[in-house]
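My entries follow in the order I made them.

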Amino acid sequence: MGVVSSLLPIFLLVGLGAALTAGGFLTPSFLRSLNRLAYYVGMPGLLFVSVSRATALDARPLLLSAVVLGSSLFALVLAYPIARLVRLPRTSVGTFVQSAFRGNLAFVGLPIVLHVFARPGAPASLEEIVPVVAMAIAPVMIAYNVLAVVVLVTSHQRINTESLRFMARQVATNPLVLAVAAGLVAAVAGLRLPGPLETTLQSLGGLAIPAALFGVGGTIVLAPLRERLAPAAVAAAIKIVATPLFALGLAVLFGLSHLDAVLAVMLCTTPTAAASFIMSTQMRGDPALASSAIALSTLASVGSLALALSFLPGS
């Protein structure tokens, strides 16, 4: 019951974003601006403050990251032969593969962690868990950016100098990765921001979560679900069923604790990232397939996330 009550506010915000978009209160252009605000301002502030407060830096985030990244790579490899089975045109294969492996770690995974571990009786404190999760997802997000470029480019051309430059630029300018890196430097050096500045960043982080979830809800409404419905459903199934099952096996193999194994599975159960649509649009992919996969995986993830988190100690 505790997990359900923690997840409910998240999906209520997603639903509210969907309802406001369907009613015309939130326009597509406003949603784009809201997503940019969360991505470039709010979420980096939250990640920096969380990581900079870390008191212990050990191998725990690396193991968690290895499980999530390994499971994502499994999904990527699995998606290619399935794309052939469903007879996708070559130009849609990259979008299908990206939709199958790229999870919404920052805008869904992190908010879930914040809500679940803020409840009374949670198996660990926010101060312990948030830095671990933030440091774990940073290298995965770097890999997502690189792999997305590779699979999208190779679906219609060979890797060239231009695509390599784009890849490097995506990594070097990712605000979430830069915020985690800056937070790590501050944590290692024992630096703390002045009180008013830290409070400001925390307030920005508080803004980021509802803004990001509104954006997810708006994407569901704006997605042309009737287009590419069958391949989108297959990509969503790989993302929220096959990937977390593989993550569970890796977590056992790597000897993760019960708590960290549940966290790994939960992160792998997050729906397809909204960034998949942007990348597919930018790189001549199949935006209709991407948006449908985002919408379907988000809707289906409600039950799968609740199931994953029901195994938390004390749930």
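**Salt bridges.** I looked up Arg192 and found that it forms a salt bridge with Glu198, with the closest N and O atoms 3.2 Å apart. I count a salt bridge when a side-chain nitrogen of Lys or Arg is within 4 Å of a carboxyl oxygen of Asp or Glu. Arg192 is exposed at 52% relative accessible area, while Glu198 is buried at 9%. Here buried means under 20% relative accessible area, exposed means over 50%, and partly exposed is in between (1.4 Å probe, protein chains only).

I note that this is a predicted model, where local features need pLDDT of at least 70, side-chain atom pairs count only at pLDDT 80 or more, and totals for chains, interfaces and linings use all residues. Residues are numbered from 1 along each chain as its sequence is written, and side-chain values use heavy atoms, leaving out hydrogens and water.

The count of salt bridges comes to 3. I checked Glu128 next: its side chain meets that of Arg60 in a salt bridge (2.9 Å, N to O). Because Glu128 lies in helix H6 (residues 126-153) and Arg60 in helix H3, the pair ties together parts 68 residues apart in sequence. I take helices as DSSP runs (H or I, at least four residues), numbered from the N terminus. Glu128 is partly exposed, at 36%.

The side chains of Asp260 and Arg60 also meet in a salt bridge (2.8 Å, N to O). Asp260 lies in helix H11 and Arg60 in helix H3, so this pair ties together parts 200 residues apart in sequence. Asp260 is buried, with a relative accessible area of 6%. I noted Arg60, Glu128 and Asp260 as linked in a network of salt bridges.

**Helix H10.** How far apart are the end C-alpha atoms of helix H10? I found them 36 Å apart, which agrees with the 38 Å that its 26 residues (229-254) should span at 1.5 Å a residue. The expected span is 1.5 Å times one less than the number of residues. H10 bends by about 30° at Ile238; the bend is the angle between axes fitted to the seven residues ending there and the seven starting there. Ile238 is listed among the buried residues of H10, which also include Pro231, Lys239 and Leu250. Their cover includes helices H3 (60-85), H4 (90-101), H11 (258-269) and H13 (287-309). Just after H10, I saw that Gly255 takes a positive phi of about 75°.

How values were computed
Helix = DSSP H or I, 4+ residues; strand = E, 2+ residues; numbered from the N terminus. Contact = heavy atoms within 4.5 Å.
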